[in-house]
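Let's take a friendly walk through some side-chain contacts. Have the sequence and the 3D view ready as you read.

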Amino acid sequence: MSNPKSTTATGLVDAANGRAVRRHTDTGAYFVKASGTAHFWGRVLDAVVFLVGYSVLAVIAAVVRQSMMNSGSALGYNDGAWLTIYVVLWFVGLFVYGMIWGTVGSVGDAAAGMRSVRIKDGTTAGAWLGGWRAICWSFFPFFVVMVIAAAFSGGSGDTWDPKFAAVDRRSGLAQGMPPIPDPKAAAAQKAAAAEQEGLPNLYGQRPDARP
């Protein structure tokens, strides 16, 4: 299996922030990944927004249940039914937020100046796939560990799916600035070329030397 990092490398860097410029494998278009820090805080904001929204729904459900209990409805006293309702609200809320994330971008994307796109062609996930990807947020402890690891490693892949990347929409490339050659790569190539040129003169021999 190919490594997305190696298959999209270009040897270029962004003129504004110096981060590596990569290439969508199918279209050949350039892109710059969001920084690990931006990706981390963007996803934290997404989690906070969702939890706040879910809390509002849970409070509304609790008010409805209390009203049913006051009116003597048997459903209001059914703990199992209400637990199921809360669980359904959790996953439905995630799916709806994911639909937004997969089409126009999430709140975290907007705040961090990034957008989750496919590495192969730069397209977004769309509503259906975006919803299912957001369901993965239900594994919240695993999600937090992976995002923190991405932040410390400087990566910004979309955590659990190597087919997607968080693209920096505030990079110089996104603002129309052409990328520039990576100085480190250029220096390494120059050093390698100099070393290769010096090989024929090892031990004082020239390329046309005769034994």
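This is a predicted model: local features need pLDDT of at least 70, side-chain atom pairs count only at pLDDT 80 or more; totals for chains, interfaces and linings use all residues.

Residues are numbered from 1 along each chain as its sequence is written, and side-chain values use heavy atoms, with hydrogens and water left out.

**Charged pairs**

The structure holds four salt bridges (a side-chain nitrogen of Lys or Arg within 4 Å of a carboxyl oxygen of Asp or Glu).

Asp168 lies in strand E6 (residues 161-168) and Arg19 in the loop between strand E1 (9-13) and strand E2 (20-23), so the pair ties together parts 149 residues apart in sequence. Helices (H or I, at least four residues) and strands (E, at least two) are DSSP runs, numbered from the N terminus. Asp168 is buried at 9% relative accessible area, whereas Arg19 is partly exposed at 26%. Here buried means under 20% relative accessible area, exposed over 50%, and partly exposed in between (1.4 Å probe, protein chains only).

Which helix holds both Arg43 and Asp46? Both lie in helix H2 (residues 36-70), three residues apart, about one turn of the helix. Arg43 is buried at 2% relative accessibility, and Asp109 is buried at 2%. Through shared partners, Arg43, Asp46 and Asp109 join into one network.

**Ring pairs**

The whole structure has seven aromatic pairs. Rings of Phe, Tyr and Trp (its six-membered ring) pair if their centres lie within 6.5 Å; planes under 30 degrees apart count as stacked, over 60 as edge-to-face and the rest as tilted. The rings of Phe50 and Trp90 have centres 5.0 Å apart and planes at 80°, so they are edge-to-face. This pair links helix H2 to helix H3 (residues 79-101), 40 residues apart. Phe50 is buried at 8% relative accessibility, while Trp90 is partly exposed at 21%. Ring pairs also link Phe50, Tyr54 and Trp90 into a cluster.

**A charge over a ring**

The charged end of Arg133 sits over the ring of Phe164, 3.8 Å from its centre (NZ of Lys or CZ of Arg within 6 Å of the ring centre and within 35 degrees of the ring normal).
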